[in-house]
Structure formats: C-alpha cells, structure tokens
Amino acid sequence: MIASVVKKPYFNLYAVSLLLLLSFIYLFSLSSPFFDSPFNSFSLSAASSVNSNIWSVRRFVEWRPCDWWIRGHLNALPEVSNGYIRVDCYGGLNQMRRDLCDGVGIARLLNATLVLPKFEVAAYWNESSGFADVFDVDYFIGKMNGFIKVVKELPSEIASKEPVHVDCSKRKGQFDYIESILPSLLEHHYISITPAMSQRRDRYPRYAKSALCQACYSALRLTRFLEEKGSELLQAIPKPFLSLHLRFEPDMVAYSQCEYQGLSPVSMQAIEAARGDRKPWTGEAARVWRGRGKCPLTPNETAFILQSLSIPSDTNIYLAAGDGLMEVEGLTSVYGNVVTKSSLLTNHDFKSMHGNTKAALDYYVSISSDSYMATYFGNMDKMVAAMRAYKGLFKTLFLSRRHFADFTSKGLKGKELMDALWKAHSDEFSMGIGSALPDCFCEFKL
C-alpha cells in the first residue's frame, strides 16, 4: 500500500494542489456578495496587521446610570390611585420589553396602579409565552416597590371586567398622556394601553422616569428556568468570547426593500417568498436607500468589517441570531469558532422553546459576554447595550451599515476600505456612540 503511494508522488501532489485551489475558489465565492466585490483586491488574512484591535482604542466618553435614578430620593407614592393600567405588549420579546418600560413610566405619570402586562400570543413569532413565562414576577414586584404599585390580581369589583383599551401606538407628534389618557382612566378605572413609540420621555417628571428606568434595568429578571439555561450556555461557550447579533433573515431582507447580488439561489428564493407586495428599490432610489444605512449587512460583509477592526479569525463567537439566518457560511468561512444556542443546548431543550424564550437566552448571553457587536440597531441591541453599560461592560459596538455603504459607493476596496472602516468605527467607539439609551444614562467624560 505504501509502495503504491510512493510510486505516484507527482500525481498526489497534483491532486492535492487541485483540491486546495478548488477549496480556495469555493470559500472566496462565499465571501463575495457583489459581482465586483470591494473585498477582492485585498487578503482578509492581512487585516490583523493593518490596524490595532478595536477594543484597544482609548475611550473618551462612557454612559453610566444617572445618579438621579440610582441614588435619587423617591417621591412618596400618592395614597389614592387613579385606577389600574395594564400594558399590552406586541412584537418580539425586546419590543414588548420596550413597551413595558414605557408603560411603567406612563402608569406612574398618571398615578395608576400597574397590573401585570399582557404579552401578545403571536403565530408569526412562534410565540405563546406570557410575561410570567419569561420574567420573575415576584422579583419584578419587589424591585418596583417605592417606584410604583404593582398587583397580580385586581379587586373583585373589576376583576371580571375587561379593561377599556386605549391604543396610543400610532399617535404622532408630541402626544400627551395626561391630556389624552387620564380622562379615560378616571372614567373607567381600568384601562389597557399600548404605548406610543413617538412619545418623548424627556417630558416625564423625574419620578416617572425613575420608575421607567427601574423597570427596564433593575426589575426584569428571567425566570429561574431561563436563568439556569442561560447559565448553561455561558458555561459551554469557550472564553473569552464575542456575542454577535447578526440579522440577515428572509423577512428582514424583504422588509428592507434592498436587493443583493451574489446570494445563493436558496437565499434568493426565500427572500422573494417573503417580499409579497414589498418590491425592492431600484435605480437612484436604491442607491440613496442603501446610502442611508437601510440595508442589512450580509454575513460576509460582517466578516469583512470584523477583520477590518482587527478581530482575530480565531475569536470565539456566540452567534445571537434568530431562526432562518441566511448565508452564514460567509461568516464561518472566515471565523471558524462560531457557536449558537441550537448547537449548545440539547435538542429537546431547543425544540421546546418559543420565540420569546430563545430571544431571552440570546439577551442573557449578550449582556454577559466579554464583548458585543451588532449589525443592526434594533430593540434587542438597544436593550443589550444599555444593560451592558448598567453592568459596567463597555466593549460594545454597532457595525455601521451607513459607513459601509458610503465607502463602497465611493469605490473603496481592499486595504483602503479596511482603513476607512476602522477609522469610522474607532471614532464612534471612543465617543461611546450608540452604547446606551440616553433616557436613563448620563454621559461621563473619561
């Protein structure tokens, strides 16, 4: 057997060389989203020698919880409440969490007693779990003591009634809850609300803002079951690690109305199936839309930016992503140490979880990771960044779709593109841009 191999060294050398060449062509094709890719003229493996690691950049500003919330004097709660408010929350877990935070502030503003919130049961999100399935109810009530009164059960005289629903979610402009909602509360004594996204919280009195901040960042703890599963995940992930929230699912790409070249036929079919009547922008409108940073980063664009920021290719990465992530090979062909909750949890545990509980685990891991990056600035990203700032973890960065689109539209490629991306992101990291929500956090100069 050995003799037969020795007799054909040139054939074996040729075969190995051909195999390596084909492998290189395949991997490179995975990392090229455009026919004329800006990545083609520069080796990704050379990136680590171009600039220093992004986390070594000196920070000049960081965001910390404001003293008026953490150490401020609480106003005594009025002896008589104006009635009961239930917050009706819709969407994904972190959107519902945002609505709950706003609802707590509104209830305190209106001198109402808060009823435990109602979480939407939604087939779209593969969701049937309620507030008590995700968060520790008793812990929430205890931590809100002094900020607002929270009850599990209503008085008998109104317990059998459904609340009068007041939908604030579509209100525009400077919507005033006292003028618009308080009369309904005083009349019916039990109402439900969905907060308005456009409401300016800086108009709240300090005591209402304190209640909102306390609810968002101190009072929401996962149930014991989810905390245990989150702890199992943390223990299983190799350390140190980067948590990467990567969004490139068919529905998100379809909703963005952006068009991509070079995606696999399977990905293109999934996007087309999700588009419905929402057609992609074309021509000048498409260029402007992409230039405004409206187009999700593909996994291989993400890998290119990570390499531009000198994140080593052997970095341990926890991929915080929803079901249906497309083109993931564009990331894993460059970064090989990628793990997900589905690869670390038992098959039974993973399949028994709904959308909210899966999102809760990604959140739990991300607020505890050594570093966090996101390709989007959605509800989860805002909550994670704020909680990391609350915990004193500042290795947090949002990869800029706008900068990437701007630089590539100007024809930047290879090393020139990498240098521009590193400069833009290092400037934002040094100034703490996007690292926390301003409502409850104050800027500290370092």
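The largest nonpolar core has 81 residues, and V104, L110, F131, F140, M144, Y177 and Y217 touch the most other members. Helix α4 (residues 93–109) gives this core the most, eight residues. Another core, of 41 residues, lies apart from it; V57, F304, I311 and W422 are among its members. A nonpolar core here is a set of buried Ala, Val, Leu, Ile, Met, Phe, Trp, Tyr and Cys residues joined through side-chain atoms within 4.5 Å. Buried means under 20% relative accessible area, exposed over 50%, and partly exposed in between (1.4 Å probe, protein chains only). Helices are DSSP runs (H or I, at least four residues), as are strands (E, at least two), numbered from the N terminus.

The model is predicted: local features need pLDDT of at least 70, side-chain atom pairs count only at pLDDT 80 or more, and totals for chains, interfaces and linings use all residues. Residues are numbered from 1 along each chain as its sequence is written, and side-chain values use heavy atoms, without hydrogens and water.

Now the charged pairs. The structure holds 16 salt bridges, each a side-chain nitrogen of Lys or Arg within 4 Å of a carboxyl oxygen of Asp or Glu. E62 bridges to R64, with the closest N and O atoms 2.6 Å apart. E62 counts as buried because its relative accessible area is 7%; R64, at 33%, is partly exposed. R59, E62 and R64 are linked in a network of salt bridges. R98 and D99 also pair, at 3.1 Å, N to O. Both R98 and D99 are buried.

Finally, Y255 sits in helix α12 (residues 250–256). Y255 counts as exposed because its relative accessibility is 58%.
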